[in-house]
Amino acid sequence: MSVKAVGTALTRMLLTGGNRTPPFVPSGNVNRLSTSCRASKQQNSEEQISVSDKPSGGEPSPEAPHKRTAGDGKPPKEPVGAPGKTGAKRRSYVSTPRDQKSYLWSRHNDLKRLVHDLIPPGACHPLNASTIYANNEVNLDEVDIYGFDYDYTLALYSSALDEMIYNRAKGFLVEHFKYPEGINKYDYIPNFAVRGLHYDIQKGLLMKMDAFHYIQSGTVYRGLSPLPDEDVLNLYDGTFHVPLLEASGFYGKGPKIKQFMDIFSLPEMTLLAVANDFFITNDIEYDPIHLFKDVSEAIGMVHIKGYMYKWIMEDLPKFIQRGEETDAVLHRLVSHGKKLFLITNSPFSFVNKGMIHMVGNNWRDFFDVIIVQADKPHFFTDCVKPFRRLDVNGDLQWEKINSLDKGQIYKQGNLFDFLRLTGWRGSKVLYFGDHLYSDLADLMLRHGWRTAAIVPELEPETKVVSTDRYSLNLTWLQALTGLMERLQTHRDSESKQVFQEWQKEREELRLMMKNLFNPQFGSIFRTCHNPTFFSRRLCRFSDIYMTSVSCLLNYDLSYTFYPRRTPLQHEAPLWMDQLCTGCIKKPHLEEMSYIR
């Protein structure tokens, strides 16, 4: 069955079921706030309700709706409080149905059966992980110049690299920083952390935050153990909100909280958790600030001392993945007359060996400009550092750079000289990178380049989203939320008890869906119903995003990417995402008046 049919059925279920909702006894203040639309609709509802529509055990109101019989010679009188009648009180029920609990559960069970009937096993089709997703409209026909980062953009690495970085940095903690030997007993934990998490440096807490700076419940870890929500509230002054000034700065590095945005940070987050866990479980006093600094330096030493580069160069087939696809992308772009450039922070010897492995000895012929050790993000903001040319052996040359020539290798430099020497400006340039801050933010916000984010996590996450289990749970979660929204005006003691059980069911569904992605932190894109902080930055700093650069092979180079028009909250009744879940946002005046 189509998504539209599912949405239509759920919507009809909620709307028609809403007419059976027993009205409350309104107060005089409520009557004054009510509109004629509300009065008219309540009258019609009263005329349509029969005894069988009410919850069992309820008794009819003493003032039954007036029904005209065949013998009546006159039209019925307007009920009190009807449109056009001012200064009079409206008729209402004077008693609440006795079996309110049965009524609410019947609505719940009917809707749940409908969801399961409309989404049978096998109804969900797999999403294509090679799709390119658009945050902004991009016409590739207008793009003449393609730029690339190297690590995790042109070269995708296997997860084996994460474990090696973790183990070497853990060794530095023990050997260089003299941490206890017991830390060596902790093996690397694959998939413990996800990209985009925040780390509270002073409190030693790893957490997931949404786009509104709220910590997601159940995703705060001290060491390897989750912190109860009550403890989180105590630590953050009774709220899950983290103030803007305390959160990470523009590049994800705040005075108190850091955001881990690149894929290389996965072993660092795991090592932070492991080190914290060691001190806590062994009841050793320590300062979380010192621990954070030491772990950061240990991870940095792996890169600075060249260990990572050495491991990869010694076994390129083990670490570099999908190199043939990178080769195909470069060939295709050049064959269509596009200009290419490379800006990377990695050294030339490392990039050269990797590109020869993926593309061949002539890889430099594909690029019009090659810049290594660029020191991003400072490359995009600093206008002082000059370009230096390297010879074929990677040695620095001393002449002043007046042009950026094809086939040459340049080191450092800055974007302002790059723009001056190349003239490549504006939306005719599309740059690909994996780090939202270091690669993309300045280019989009300051220079107007088009940007493309590489997000390898899309592949496993789209597989989860395509499963029947996820789709069924999501649909039922949204339908249940819509039902609670629709029936929230029932506030007697029995109804409140039912709503508490429904809220518990919602939390269980959310936890189940979170665990499908990552048991500790869930999806990198969602915190319950809100986007994550990472997702917000992804939408802000990238025009398009994809699993890898090879996704370009699925599209014509004159293709236009159109973003889906996502609804604002006040537009929600018009859009299928609300229709499909039964969350009708249309204001029901006859019910909302009780809330007001």
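Helices are DSSP runs of H or I with at least four residues, and strands are E runs of at least two, both numbered from the N terminus. The model is predicted, so local features need pLDDT of at least 70 and side-chain atom pairs count only at pLDDT 80 or more, while totals for chains, interfaces and linings use all residues. Residue numbers start from 1 along each chain as its sequence is written, and side-chain values use heavy atoms, leaving out hydrogens and water.

**View 1. Tyr 307 and Trp 311 in helix H9 (residues 307-314).** These two residues are four apart, which means about one helical turn separates them. Their ring centres lie 6.1 Å apart with planes at 45 degrees, so the pair is tilted. Rings of Phe, Tyr and Trp (its six-membered ring) pair if their centres lie within 6.5 Å; planes under 30 degrees apart are stacked, over 60 edge-to-face, and the rest tilted. Tyr 307 has 28% relative accessibility and counts as partly exposed, whereas Trp 311, at 14%, counts as buried. Buried means under 20% relative accessible area, exposed over 50%, and partly exposed in between (1.4 Å probe, protein chains only).

**View 2. Charges over the rings of Tyr 307 and Tyr 236.** Arg 168 lies over the face of Tyr 307, 5.4 Å from the ring centre. Lys 203 lies over the face of Tyr 236, at 4.7 Å from the ring centre. Such a charge has NZ of Lys or CZ of Arg within 6 Å of the ring centre and within 35 degrees of the ring normal.

**View 3. An aromatic cluster.** Phe 341, Phe 418, Trp 424, Tyr 431 and Trp 449 make up one cluster.
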